Amino acid sequence: MSKESDWFTISLELHRKYGGKIEVVPKVPVTRLEDFSVWYTPGVASPSKKIYEEGVDSSFNYTLRWNYAAVVSDGTRVLGLGDVGPEAALPVMEGKSLLFKFLGGVDAVPLVLRERDPDKFVYVVKVLEPSFGAVNLEDIESPKCFYVLEKLQEILEIPVWHDDQQGTALVNIAALTNALKIVGKKLSEVKIVLVGAGAANIALYKYLKVVGANPKNIVVVDSKGILHRDRPDIEVIRRENPWKYAVAVESNGEGVVGGIREAMKGADVVVAASRPGPGIIKKEWVSGMSDDAIVFAEANPIPEIWPWEAREGGARIVATGRSDFPNQINNSLGFPAVFRGVLTVRAKKMVDEMFVAAANALANYAEERGIHEEYIIPRMDEEEAYVQEAMAVAKKAIELGLARRTVSSNELESEIRRLIERPKKYLKLALSSDLIPALPPQTHK
Ligand code: NAD
């Protein structure tokens, strides 16, 4: 079970066998028919009446809403598959919902929308708001995704997150924070190259500034070369992608021109989120970077440069998106805990300070365990990291007055811990009682 084609074959077979990956199960006792008089009519009229009388926020007290997140996509940029449409995006959104539950104890529901118009998409999500405690946007093409996120963050009274933007930025910033500690360089001083100017790196650029990087020291490269204010296609960029335009005019203080090779000369850090390699970044270009170079090559499934090539080129710290190499930059280290945090305190918004708290908690967790060149970020199986990260987000929301609910630190910790452990306990029970049939043996390595 090591070849990618094997995973494709087995995955297709198992998706059909299990009929998808998640289902709705009751969480209240139902042992006799009369119990429905409590959970449904006539009893259910009383929480409904209460919400009507007390105001809409009290729906968080009496319904699933407090732990319910929407995973919303229009299917326009699904994984590396591209614009495959909402139905074909559903397996991915369902998979994301499974990760939300398993890693963060979040009840997430996949919602794929047959709507390509950004304003209508925003409208649909807005009218769905009363059912949810938070929204995760997913696999929406750039630049539409920038508009949709900004608009929804502005008009919704629950946290909105676009994982391809903020999720990626969060894990990158945590990893970079620790990588810089190891090489003894300061974020405010380093020269950073971002290869790729899509959802991932445009968001990373924004958050690098939030945590103290100097935009003049950042050089961004897209498929046509280095972004700068005098690029021949700058007017087209301005019209078609104002977010990328803003980066082009603000970044690259030295006015470097050319491609990836020129951008990387003398750089301290390169973060590539562009297109599958290898060969997008060359070993010789890594050699042209400064001492103790940091190279994150994150294209999936094959990084822009293989880690061993980056090392041969002189990189001191290398990270990729893959689990088979050290330093995996994996969004799953971010979104489950971030949502666990915001939902637990019923936050009204997701703001930059909460993002920074999450990134610091992740970085600190790894640092406390002893960071080195091959351990700059927690691994996905380090459950305690999720607890610490969720706590940091929840506490920050309370501190900023953005929580609908205030709880003591001890209560918060035990609640978060219980909710993160719950799905694992539940699965164990379901597997041992054969409610969920075990995987066939050939799916295990
Ligand atoms: P996107 O389609 O929004 O953007 C891709 C960008 O790369 C575009 O700006 C494009 O111009 C640029 N590009 C394409 N070919 C290039 C080249 N040869 N040189 C320079 N730039 C080039 O995609 P995205 O969501 O930003 O993701 C980009 C890549 O990063 C994908 O492979 C994705 O799987 C990967 N990614 C990995 C992680 C992770 O592992 N943690 C997270 C996010 C994205």
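## The ligand shell and the sheet beside it

In this predicted model, 22 residues surround the ligand, the closest being Arg-77, Ala-197, Ala-199, Ala-200 and Ile-329; a residue is near a molecule if one of its heavy atoms lies within 4 Å of it. Residues are numbered from 1 along each chain as its sequence is written, and side-chain values use heavy atoms, with hydrogens and water left out. Because the model is predicted, local features need pLDDT of at least 70 and side-chain atom pairs count only at pLDDT 80 or more, while totals for chains, interfaces and linings use all residues.

| Backbone N or O atom of | Ligand atom | Distance |
|---|---|---|
| Ala-197 | oxygen | 2.9 Å |
| Ala-199 | oxygen | 3.0 Å |
| Ala-200 | oxygen | 3.0 Å |

Taken alone the ligand exposes 860 Å², of which the protein buries 80%; these areas come from the Shrake-Rupley method with a 1.4 Å probe, and for residues only the protein chains shown count as cover. The elements that give two or more residues to the shell are helix H9 and strand S6, where helices (H or I, at least four residues) and strands (E, at least two) are DSSP runs numbered from the N terminus. By class, the shell holds nine nonpolar, nine polar and four charged residues, with Ala, Val, Leu, Ile, Met, Phe, Trp, Tyr, Cys and Pro counted as nonpolar, Asp, Glu, Lys and Arg as charged, and the others, Gly among them, as polar.

H9 (residues 199-210) also belongs to a right-handed β-α-β unit with S5 and S6; right-handed means that, with the strands pointing away from the viewer, the path from the first strand over the helix to the second runs clockwise. S5 (residues 192-195) directs Ile-192 and Leu-194 one way and Val-193 and Val-195 the other, and all are buried, that is, under 20% relative accessible area, as against over 50% for exposed and partly exposed in between (1.4 Å probe, protein chains only).

Two strands pair if DSSP finds at least two bridges between them. S5 runs parallel to S6 (residues 218-222), joined by four bridges, and Leu-194 has Val-220 as its bridge partner in S6. S5 also pairs in the parallel sense with S8 (residues 269-272) over four bridges, where Val-193 is partnered by Val-270.

The peptide bonds from Gly-277 to Pro-278 and from Asn-300 to Pro-301 are cis, with omega near 0°. Pro-278 lies in the loop between S8 and helix H13 (283-287), whereas Pro-301 lies in the loop between S9 and helix H14 (307-312). Asn-252 has a positive phi of about 55° although it is not a glycine, and this residue is buried, with a relative accessible area of 6%. Asp-434, also not a glycine, has a positive phi of about 65°, but Asp-434 is exposed, at 56%.

Key:
A polar contact is a pair of N or O atoms within 3.5 Å; within protein, one must be able to donate a hydrogen and the other to accept it, and residues adjacent in sequence count only if both atoms are side-chain atoms.
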